[in-house]
Every structure is written in C-alpha cells, then in structure tokens.
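Take a look at the structure shown here. The paragraphs after it lead you through it step by step.

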Amino acid sequence: MRSRLILVALVALLATACLPQPADTPPESPPEPTFPLSLTDDEGVTVELQEAPERIVTWAPSLTEALFALDLGEQVVGVSGDFDNFPAEAAEIEHIGGSNFQPNVEKVVQLEADLVLDGFGGGEDWKQRLREQDIAVFTLQANTFDDLLHDLQTVGRLTGANAEADELVADMADQAGSIEVRVGEEPAVSCFFEVGFQGGFFTVGPGSFIYDLLETAGCEPVTSDASDAFPQWSVEALLEDDPEVYLVSSESGSTVQAVKRRDGFDALTSVEEDRVFLIDSDLISRAGPRVVDGLEALADALHPE
Amino acid sequence: MPEPLLVVSGVTAGYGRREAVRDVSIEVAAGQVVGLIGPNGSGKTTLLRVASRALKPWSGGVRVAGRDLYGLRPREAARLVAVVPQELSAAFPFTVRETVLLGRAPYLSSWGSGSEEDWAHARRAMEMADIAHLADRPLDELSGGERQRSVIAQALAQDAPVVLMDEPTTHLDLRHIVEALQLVAGMARDQAKAVLVVFHDLNLAAAVCDRVHALAGGRVVAAGPPEQVLTRRFLAEVYGIEAEVYPHAVTGRPTVVLQVPGIGPGR
Amino acid sequence: MREAGARNGRRRGGRGLLAALALLLAGSVLVAVAAGAVRISPATIVRLFAWKLGLAGPPDNVPDTTAVILFQLRLPRVVLAGIVGAALAVSGAVFQALFRNALADPAIIGVSSGAALGAIAVLLTGTAGALGGLAVSGAAFVGALLTAFLVYRLARIGPTVHVTTLLLGGIAVAAVISACMTLVMSFSSQSVQSIYFWLLGGLGQRGWGAIAIAGPLVGAGLLAAALFAGHLNLSLLGEERSGQLGLDVERFKRVMLVVGSLLAAAAVSVSGLIGFVGLMTPHILRLVGGPDHRILLPSVVLGGASFMILADLASRVVVSPEEIPVGAVTALLGGPFFLWLLRREQREASAHA
C-alpha cells in the first residue's frame, strides 16, 4: 500500500512539475468543470448534479475542512455542529445537528442546500427525506489515506473545483510521500495508540483510518491482531508487548503526565525513555486535508530527526 | 385502685380530613378481655390502630401501663402493646419459626439475633398457637388458618401486657376458633394481660368477652357486659336486623340467632 | 435436643451456604489472579507472592513486567471487582427489602444512573480538582440519594410499593437522568467520548487508587447494612406491622435509602454503570438460604464479589488481548434472568389475585 502511495505522489509530481506545460495555456486557468455529472458514492448511490452546487451543507468536520481547503468556504451554508471548528470561519456557520446523531432535515431544507456531503455513512432515513426534496446527498467514507485522496478529488469534481482538488491532493501526496521516504529509511517502530482510558482501555485496530496512518508513519502497532477497528484492549497485554512509542489521542481526555503516572505504566519502555506523545485527534481522526499534518506529527513522534 | 393497663380516653381520629371515630373512651384492665363490635365502617379498626400507636389521634390520648403511648419510642411501645393483625404477608417467605421470632424484635438488637430466652419465648408461643410442628415451613405455603395462628404466635412472643386483636378468627375452622378463643381467654386469665379484640361475630364476642363496646358511626353507642349490651333492641337499632337473643344453655352468655326476613319455618 | 437441632436448622444451613460461598470467592480470586491476557505460571505467581510477603527473596528469571502485571494491574482489578460486586449486591438486597420487591436493584430503579449523573457533572466541570476521586464519589452519592428518594416517593402508593409503579418510576427517572446526561454532555462536546467510555463501565484501569476510595466507603456501607439485618427482616412485614413490632419505620427507611445509595454510588464512581449484579445475587441467594438478612447479607457480599470477579475475568480472557466491557457480560447474564423474574412475579401476582 505504501508503494501505491508513493506512486500517487510521483504521478502527482510529474503532473504538476515535470511535464512540460503547453506554452499557449495560461497555468492558472482551471480545467472546465464537467456538469452535468453523475457520480456514485461510497454507499452505492448514484448522484446527479446539473450544475455546480452553490449552497453546500457538510455532515462531518473533515468535509468542512476539505471545502475550505478547496477555497469553497463561502459556499458552506451549514455544518454538523461544535466539532466544525476549523478553520476559524467554520465556527460561524449554522449548525444543522439534530438529535440522535442525525441532522435536522428541516434546517437543511430551510438553508436551501443543493448538496449535502456526509462523512460518516448510514442514516438512510434522513438521506432519503432530503433526496425527496431534490437535495443531493453524497456519502464519502475514507478508511485509508489513499481513500482520502480519492475522496478529496471526488469532492473537487462534485463542486466543480477539479483543479483545486487536484492541486490539494498532489500537495498532500507529495508531503506524505516525503514523510514516507523519511521514515522508510528506518525500521518500523512498535507503537500503541490510546483512544480512551476511562472505563475501558480503547485503541485502534486494522481497518481504522488511524491505524492506516500509523503504518504510513512508520509504526507497527502492537494491536495488529485486533478484530475490530476500535477494540477494547488489555493493559496486561500492553505491558507484555511493551511498545517503543506510546501515543495518546487528545480525545482520550488524558495527558502525557497522566499516562506516565498510571499504575504499572512505569514498567513501559516508552515511559522510561520518555517516548509518550499526545496527538491532536482532530488531525488524525478527521479524514480531511489536515491529515498530512497529523501524519507529520506521528512521524515526528515515531521517528525523531 | 391502680390505673387499668389500657386507657383510651376521649379519642377522636381519622384519615386526612375524614373523621372515623369521635370521642371514644375505653378501658381494659389486666386480666380482662374487652370486645369491640359494630357494623362495617363503624370505626373499630381505626380505634385499634390508634391504640396500637399506628394512627395518632387528633385529640384525646392512649395510656398503656400508666404511660402515654404516643410519648414512647416505637420499641418501648412494642414491649407494652402487641397487635394481631388480620393478615400478615412477608415480601419474601420467612419460615414460621423466623416469623414468630420477629415478634421478639422489640427486645432484639438491630442485627436481630435472639438469646436463649428469646428462643424460649418463641417456642412457647408456637406451642400455644399449635404451630410448633410447622416451624420450618415457609409462611406462604401454609393455609389461611395456619398463617393466622402464626400471626397470633408472633404477637404472643412479643410478651406485651396489652394485646390488640383484629378479628383473630376470620380464617379459622371451628376447632381452631375454639382454640384461638381459649388462647385469648387464657392470655387474660393466666397471664393477666389486657386484651382488646375486634369481633365481627357477636356470638364469639359474647362467648369470651368480659365487656363489649359497640361502635356505630365512630361513636360508642353501648358498653357493658355482653348480656347487657347484646339485646334484641340493640341489634335492631345498631345493625338494623331482626334477631333473637337467647342465653346459652350451658354458660348463660347471650347467643344471637339470626332471622332472614321473608323466610319462614323450614319444612 | 431435637427441638434445639430443629431450631438451628436454617441457621446451620446458613452456615453451610456461607462456607460454600467463601470457597467460591476464594476459588474465583485464585482463578482471576492466575488467568489473564498474559500467561503467568502458578509457580511464578506463588514465588512472586512469597517475595511480596517477605517470605522469600526476589524470584530469579522473572521479568520485572510480570510482577508489575500481577501486583499493579491484575490484583487491584480483582480486588476492585470484589468490592464493586459486594457493594452492588448488598445495595440490591437493601433496596429489595426496603421496597419489599425482588425487582428493586440500583440499576433498575435508576439509582445507579443518578450516581452516574452526579459523577459526570463533576468529571465534566472539572470541579474534581484537588479532591479528585473523592469528589466524584461524593457527587455520585448525592445523585444516587436524590434518585432513591424520588423513586421511593413515586413507587409508593399508600402502604405498598407496586411493581408496575416501581419499574415505570425507575424507567421514567432513569430516562430523565439520561436526558440530563445527554444535555450535560452536549454542553461540553470535547469530552463526550471519554464520558461515554466511562459510562460503559469497567474495572481495568482504576488501580489501587480507586480501591483506596471505594474500599472504605463500601466497608462502611456493608457494616451499616449488617448492623440493621434484624430491622431489614422486620421491614419485610410491611411498614405498619414492622412499626407494631417496634421499628422506627421512618428513620429506618431514611437510613436504608442512604446506605443503599452510598453502596451504589461507591460502586458506580469507580466502575461506571454495571447492571444486574444487585438484582441477581440477592434473589438467587434468597432462594437458597431464605430471606433472613443475617444470612442473606453476608452471603450476598461473598456471592456478589464472586460474581463480579468472574464476570470481569470473562470480560478480559474470552477474546484476549481484546476485552469485552464487563457491563456487557453482566447484562448478558442478567437480562434473561430479569425477564424470567418478571414473569414469575407476574404469575404469582395473578395467582394471588
């Protein structure tokens, strides 16, 4: 998978830099948006758009960030809620969050949205009701970094921002590629990623987006046998596996100091060698444009210069 | 002359704003069995509750062995007054032995273990109530009569000088009615207790009571020895029935014989 | 002689039951200490304990982590499971006596939710601060106590507590509380996830610190409950009858609501929401040993501790190194049991009608 990523990065590099540009085409002119268009989303629903949407609602902070990164921030008329806090302007946009983790359909209709982007999946009922109102609903679910790049390109096509998306994806692939090159020079380090400690001890397993990032950043998680994307884990097993690096997601509500103080944790090599790091969960749990920053943070923690 | 063991004086009581008994006075001396009679809703059970410290009267008072009942702590009161309720049900099934031993509660610590003396009291109470053979049976597997005798035993184990009973013979068959009444009479005669009993059946009241108090509409309408109270005229006025009253052939106590209107001599 | 023998019949049976439960608890502790995600041989365990108890020198050829796993992770977890199990079970027994109903359990009547709401309020506002775990327990206690009084007032109609009103009252109160929790959590969206995990319930990560907090509270609660064993027996006869037998009913009820809430709150504040322990344990042991609280309470302590230790053992070894939330294990066992109990109660009610 890593090689595929490098390939994408190389192709992107070639596309933007190495290929000679035709002299008569000004480089800033974007390729023509291709409307009407028809695309199939991650839930197998085919969505048709007659023209570029002007009023967009996002149902995931990652997609809000994606639209802002594509310079479409002004077209975002509704976001899911408090979590949509980046960039700062996003916090000013109206919330459409209803109860039970479902958007308020009336609110979306009232906002006269012509496209709703969902980043979680599921929720057939509210999606169906919006589609009955001729509001396009498109679902994007990224489980890997490659998925994410593909999804960002899809968002670009849906919004007519093809060129911006291609550029963003190329930049991200570029950055990820150089991180991979950097960490590839060293052997993978064993690591553990803590999602939660209160009540149950939760981590990530294969199949989760974060797990994919960990591997990309040059880590071999000790939870590779987990059957679930977010398994509850045994502290005993953690001590036995004794990973070289201990990563704490900020959403765990814990701190590096608190981790080191826990009963028995002083026996961990990572605690002894001061290799416990707090990772901003917004950067790695949101499959959005800032993931490369998260990747960078992970790589820095796992493979310090 | 010493004060009677149980003195109910000028009691007016009720529930919420509804008055149930008004200005009732009753005295029961040691060794006496006093009956409370009267039609349904006349206030018998209310009066018994007042006398058992379960319902504080609006006015008037209850004195037991010379002390104000409502000035006592529940534990002290329970050592002086034992109640035999009409029904007893435990949320979870105790055995008969455990049930009877609970009658010793006023003498036990909050942990509830009994001394040899407590066990002896419980055992004697079970023998007197003829349930010793049922000791290990759960209460909820017994017949109505056996349960009622267990309740009587529980109150006997309480070993209080004043005993209040609410229709103690309701579920009993004839033999056990006789035995229960014997028990009631024995408590007064042999143990010098003051016994106040609510009776529905006037003949049973007449058979065992030294005095009866008749309640109607929450007031005492007649009081005295059974032969003075239980008259044709009384039955007509208080119960509104036609009935004959004869002296019992052996004891001479009044015996009420009912007559159903419209039904003549049998063939 | 025969008389004396018969008189002691159930008490002797009670002693047998207590002995059997003590054996069960000892066995549960041994198995739970011996088994876990990391295999430690019995010989190593014995050597490590001998070393800790000062009977032998430090064992050779045993990695340091093994001792840490045994003494800092596994042992406190087993001890805490025992404390929480005993607390929940006795809380259940107390509420069942108080409500005179076998379906009363701190989780079902909403007392656990009340405790959780109190704990969450402190966790989220960060007022725990200097007091730490004790503040969480204190807030949990206040929440539990208020809920207990509220449900008791709701469920009691005249002298009796009706099953339907009790369950419906409990459900309604729990629903209101859960709505409050959602509300509280929505005002502080950042910590929602950790609160959610906290609510799920678990014993794994609390360590000796939690034992230091919950241990004394639970100990005090158990002692208080035991001191009133005779009064708990009396209260089964109903308020009027127990009053006639010398019980200061109002004072007793207040004390017992406090004791039951204290136990439930101490458990919830260190282990989150774990249901059904307080329901099943007293009921089963009452069927075996009778309703006398002088036998029931100690047997419920032993049985509840064993049950919780075994449930936690299952939660950490069944899919090791992954774990199952322990609340899911107890619910998996307790849910069907609850339904069976409910049907039985209803059959009995209709048989008596």
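The predictor gives the complex an ipTM of 0.89 and a pTM of 0.84. Confidence can also be followed chain by chain. Chain A has an average pLDDT of 86, and 88% of its residues score at least 70. For chain C the average is 85, with 89% of the residues at 70 or above.

Some stretches call for caution. In chain A, pLDDT stays under 50 over residues 1-30. The model has 30 contacts beyond four places in sequence for that stretch. Chain C has a stretch of this kind at residues 1-9, again with pLDDT under 50. Here the model has six contacts beyond four places in sequence. Helix α1 (residues 2-7) of chain C is where confidence in that chain is lowest, at a mean of 40. Confidence in chain C is highest in helix α14 (residues 293-317), at 95. Where pLDDT is low, the predicted coordinates should not be read in detail.

Now turn to the chains themselves. Chain A holds 12 helices and 12 strands. Of its 305 residues, 47% count as buried. Look at contacts in chain A with a separation of 6 or more: 61% of them join residues 24 or more positions apart.

Chain C has another make-up. It contains 15 helices and three strands. Chain C has 353 residues, and 56% of them are buried. Among contacts in chain C with a separation of 6 or more, residues 24 or more positions apart account for 78%.

How do the chains meet? Two pairs of chains are in contact, and chains A and C share the most contacts. Chain A and chain B do not touch. Their nearest C-alpha atoms lie 36 Å apart.

Start with the meeting of chains A and C. Chain C brings 33 residues to it and chain A brings 27. On the chain C side, the elements giving two or more residues are α4, α8 (192-200), α9 (207-227) and β3 (322-323). Of these, α4(C) gives the most, with eight residues. The side of chain C that touches chain A has 14 nonpolar, 14 polar and five charged residues.

Chain C also meets chain B. There, 30 residues of chain B are in contact with 29 residues of chain C. Three helices of chain B each supply at least two residues to the side that touches chain C: α2 (74-80), α3 (96-102) and α4 (116-128). That side of chain B has 18 nonpolar, seven polar and five charged residues.

Next, look inside. The largest nonpolar core has 284 residues. Those with the most contacts inside it are A:V116, B:V195, C:V84 and C:V90. Which helix gives the largest share of this core? Helix α4 (residues 64-99) of chain C does, with 21 residues.

Follow C:V90 for a moment. Leave aside its neighbours within four places in sequence. C:V90 is then in contact with C:G221, C:L222, C:A225, C:L263, C:L297, C:V300, C:V301 and C:G304.

Helix α4(C) also packs with another helix. Two packed helices are described by the angle between their axes and the distance between the axes. The axes of α3 (residues 42-52) of chain C and α4(C) come within 11 Å and cross at roughly 75 degrees. That angle makes α3(C) roughly perpendicular to α4(C). On the α3(C) side, the contact is made by C:T44, C:I45, C:L48 and C:K52. On the α4(C) side, C:T66, C:A67, C:L70 and C:F71 take part. By class, this contact has five nonpolar, two polar and one charged residues.

End with one residue of chain B. Where does B:A192 sit? Its place is in the loop between α6 (174-191) and β8 (194-198) of chain B. Is B:A192 buried or partly exposed? It counts as partly exposed, because it has 13 C-beta neighbours inside 10 Å. Beyond its neighbours within four places in sequence, B:A192 is in contact with B:A30 and B:G31. B:V245 lies 53 residues away from B:A192 along the chain, and their C-alpha atoms are separated by 30 Å.

Conventions
Residues are numbered from 1 along each chain as its sequence is written. Chains are lettered from A and ligands numbered from 1 in the order in which they are written. This is a predicted model: local features need pLDDT of at least 70, side-chain atom pairs count only at pLDDT 80 or more; totals for chains, interfaces and linings use all residues. Two residues are in contact if their C-beta atoms, placed from the backbone, lie within 7 Å. Helices (H or I, at least four residues) and strands (E, at least two) are DSSP runs, numbered from the N terminus. Ala, Val, Leu, Ile, Met, Phe, Trp, Tyr, Cys and Pro count as nonpolar, Asp, Glu, Lys and Arg as charged, and the others, Gly among them, as polar. pLDDT is the predictor's confidence in each residue, from 0 to 100. A nonpolar core is a set of buried Ala, Val, Leu, Ile, Met, Phe, Trp, Tyr and Cys residues joined through C-beta atoms within 7 Å. A residue is buried if 20 or more other C-beta atoms lie within 10 Å of its own, exposed if 12 or fewer, and partly exposed in between; C-beta atoms are placed from the backbone. Axes are lines fitted to C-alpha atoms, for helices over the stretch in contact, and angles run from 0 to 180 degrees between N-to-C directions. Angles under 35 degrees count as roughly parallel, over 145 as roughly antiparallel, 65 to 115 as roughly perpendicular and the rest as oblique.
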